[in-house]
Amino acid sequence: YVVTTGQDKRLNIWNIATGKQTRSYKIDNDCGELIRVTLDPTGMFAVASSSDRYFRLIDFYSGKCLSKVHGHAEIVTGVKFSSDCKHLLSASTDGCIFVWRLAPELTRTMLDR
């Protein structure tokens with residue numbers, strides 16, 4: 001799968017083999033423009049950064065927003081899961097890079113897949 005996002009505040013999931021959109025999830029109405037989206041190494045969760053200085057952790061299969069996180073002073077321009085599924089990195093136009101520790105239950109869910 002490929003996941004895209006844009007000004008419509010949606011996560012769009014595309015099948016690589018067919019080139020067709022398979023799902024689309026609307027993120028909450030009060031979020032800013034979505035900037036970046038990435039999947040965790042297991043493909044169970046997505047994280048999307050936005051212009052409102054938050055990033056959101058989303059269940060890839062249901063589209064449910066599991067967490068909305070704020071910490072940067074400016075737009076969050078990048079997000080990435082660590083390869084061991086224990087941390088999430090975020091970068092912002094404020095020049096800061098944050099390393100967030102994920103809940104052990106979330107890490108276990110990803111690693112048990």
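I began with Asp-28, which is partly exposed because its relative accessible area is 28%, where buried means under 20% relative accessible area, exposed over 50%, and partly exposed in between (1.4 Å probe, protein chains only). I found Asp-28 in the loop between β3 and β4; strands here are DSSP runs of E with at least two residues, helices are runs of H or I with at least four residues, and both are numbered from the N terminus. Leaving aside neighbours within four places in sequence, Asp-28 is in contact with Arg-56 and Lys-68, contact being heavy atoms within 4.5 Å. I also noted that Asp-28 and Ile-16, 12 residues apart in sequence, are 26 Å apart in space from C-alpha to C-alpha.

Before going on I recorded the terms of the reading: this is a predicted model, in which local features need pLDDT of at least 70 and side-chain atom pairs count only at pLDDT 80 or more, while totals for chains, interfaces and linings use all residues. Residues are numbered from 1 along each chain as its sequence is written, and side-chain values use heavy atoms, with hydrogens and water left out.

Salt bridges came next. A search of the whole structure finds two of them, a salt bridge being a side-chain nitrogen of Lys or Arg within 4 Å of a carboxyl oxygen of Asp or Glu. One joins Asp-30 to Lys-68, with the closest N and O atoms 3.4 Å apart. Asp-30 lies in the loop between β3 and β4 and Lys-68 in strand β7, so this pair ties together parts that are 38 residues apart in sequence. Asp-30 counts as exposed at 54% relative accessibility, and Lys-68 as partly exposed at 36%. Arg-56 forms a salt bridge with Asp-52, the closest N and O atoms being 2.8 Å apart; Arg-56 counts as buried at 0% relative accessibility, and Asp-52 is buried with a relative accessible area of 19%.

I then followed the sheet, which is open and has four strands in the order β4-β5-β6-β7, with antiparallel pairing; two strands pair if DSSP finds at least two bridges between them. Strands β4 (34–39) and β7 (65–70) stand at the edges, each with a single partner strand, so one side of each is left without a neighbour in the sheet. Strand β6 (residues 54–59) runs antiparallel to β7 and is joined to β7 by five bridges, and Ile-58 has Cys-65 as its bridge partner in β7.

For Cys-85, which is in no disulfide, the nearest cysteine sulfur is that of Cys-65, 19 Å away. Cys-85 counts as buried at 1% relative accessibility, whereas Cys-96 counts as partly exposed at 33%.

My last entry is on Ser-24, which is found in strand β3 (residues 21–26) and counts as partly exposed at 25% relative accessibility. Not counting residues up to four places away in sequence, Ser-24 touches Arg-10, Leu-11 and Asn-12. The Ser-24 side chain makes a polar contact with the side chain of Arg-10 (2.8 Å) and with that of Asn-12 (2.8 Å); a polar contact is a pair of N or O atoms within 3.5 Å, where within protein one must be able to donate a hydrogen and the other to accept it, and residues adjacent in sequence count only if both atoms are side-chain atoms.

Definitions and conventions:
Disulfide = S-S within 2.5 Å.
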